[in-house]
Amino acid sequence: MPADSGRHGLPQGRHLCWLLCAFTLKLCQAEAPVQEEKLSASTSNLPCWLVEEFVVTTECSPCSNFQAKTTPECGPTGYVEKITCSSSKRIEFKSCRSALMEQHLFWKFEGAVVFVALIFACLVIIRQRQLDRKALEKVRKQIESI
């Protein structure tokens, strides 16, 4: 067994780990200002509600047929809310999730869970009956052999 093996090698491994962690942290900190500069340069393309405070002027409501065809924010959920950004005073639409939609999704999920649970409960009952029959068959064969 070499003299450097075992517990003596462990602290060196820890030093290497800490060195790698420190290097990764310094690398992430060095890249962070560049990402902030890119973000500040491209904020004009972002919706105002991502970069500043906003007030909801119209609560979350289903999109009309016209809105669904013309407003891209209606696409993901089918619901939209009208907002006003505080500093730029721009009025925009923002996709939202309504409480009614969330409730429907919740009950669909619950129904699916109950359905899967019933299927597996039936499989457990069927398997238990098979095992009971096998056990009874073994006992019957043992009794017949006596």
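## A tour of the chain, from sheet to helix

Buried residues make up 12% of the 146 residues in the chain. The model is a predicted one. Start with the whole chain in view, coloured by secondary structure. There are four helices and three strands, and from the N terminus on the elements run α-α-β-α-β-β-α. The accessible surface of the chain comes to about 12,400 Å², and carbon and sulfur atoms account for 65% of that surface. Taking contacts between residues at least 6 apart in sequence, 42% join residues at least 24 apart.

**The sheet.** Select residues 54-62 for strand 1, residues 79-85 for strand 2 and residues 91-95 for strand 3. Together the three strands form an open sheet in the order 1-2-3, with antiparallel pairing. Strand 1 and strand 3 are the edge strands, each pairing on one side only. From one strand to the next, the twist averages 25°.

Then pick Ser61, which stands opposite Val80 in strand 2.

**Strand 2 against strand 3.** Stay on Val80 and turn to its other side. In strand 3, the bridge partner of Val80 is Ser95. Strand 2 and strand 3 pair in the antiparallel sense over five bridges. They form a hairpin with five residues between them. Select Lys89 in that turn: the phi angle of Lys89 is positive, at about 60°.

**Inside strand 2.** Next, show the side chains of residues 79-85. How many of the seven residues of strand 2 are buried? Five are, so the strand is largely enclosed by the rest of the structure.

Now select Glu81, which lies in strand 2. Is Glu81 buried or exposed? Its relative accessible area is 10%, and because buried means under 20%, Glu81 counts as buried. To see what surrounds Glu81, leave aside its neighbours within four places in sequence and show the residues in contact with it. These are Val56, Thr58, Glu59, Cys60, Glu92, Phe93, Lys94 and Cys96.

**The aromatic pair.** Within this span, show the side chains of Phe106 and Trp107. A search of the whole structure finds one aromatic pair. The rings of Phe106 and Trp107 have their centres 5.0 Å apart and their planes at 75°, so the pair is edge-to-face. Phe106 is partly exposed, with a relative accessible area of 42%. Trp107, at 53% relative accessibility, counts as exposed, because the exposed class begins over 50%.

Conventions: Residues numbered from 1 in each chain as written. Predicted model: local features only at pLDDT ≥ 70, side-chain atom pairs only at ≥ 80, totals over all residues. Heavy atoms only, no water. Buried < 20%, exposed > 50% of the residue type's maximum accessible area, 1.4 Å probe, protein only. Helix = DSSP H or I, 4+ residues; strand = E, 2+ residues; numbered from the N terminus. Pairing = 2+ DSSP bridges. Contact = heavy atoms within 4.5 Å. Areas by Shrake-Rupley, 256 points an atom, 1.4 Å probe, with all protein chains shown as cover. Axes fitted to C-alpha atoms, helices over the stretch in contact; angles between N-to-C directions. Phe/Tyr/Trp six-rings, centres within 6.5 Å; stacked < 30°, edge-to-face > 60°.
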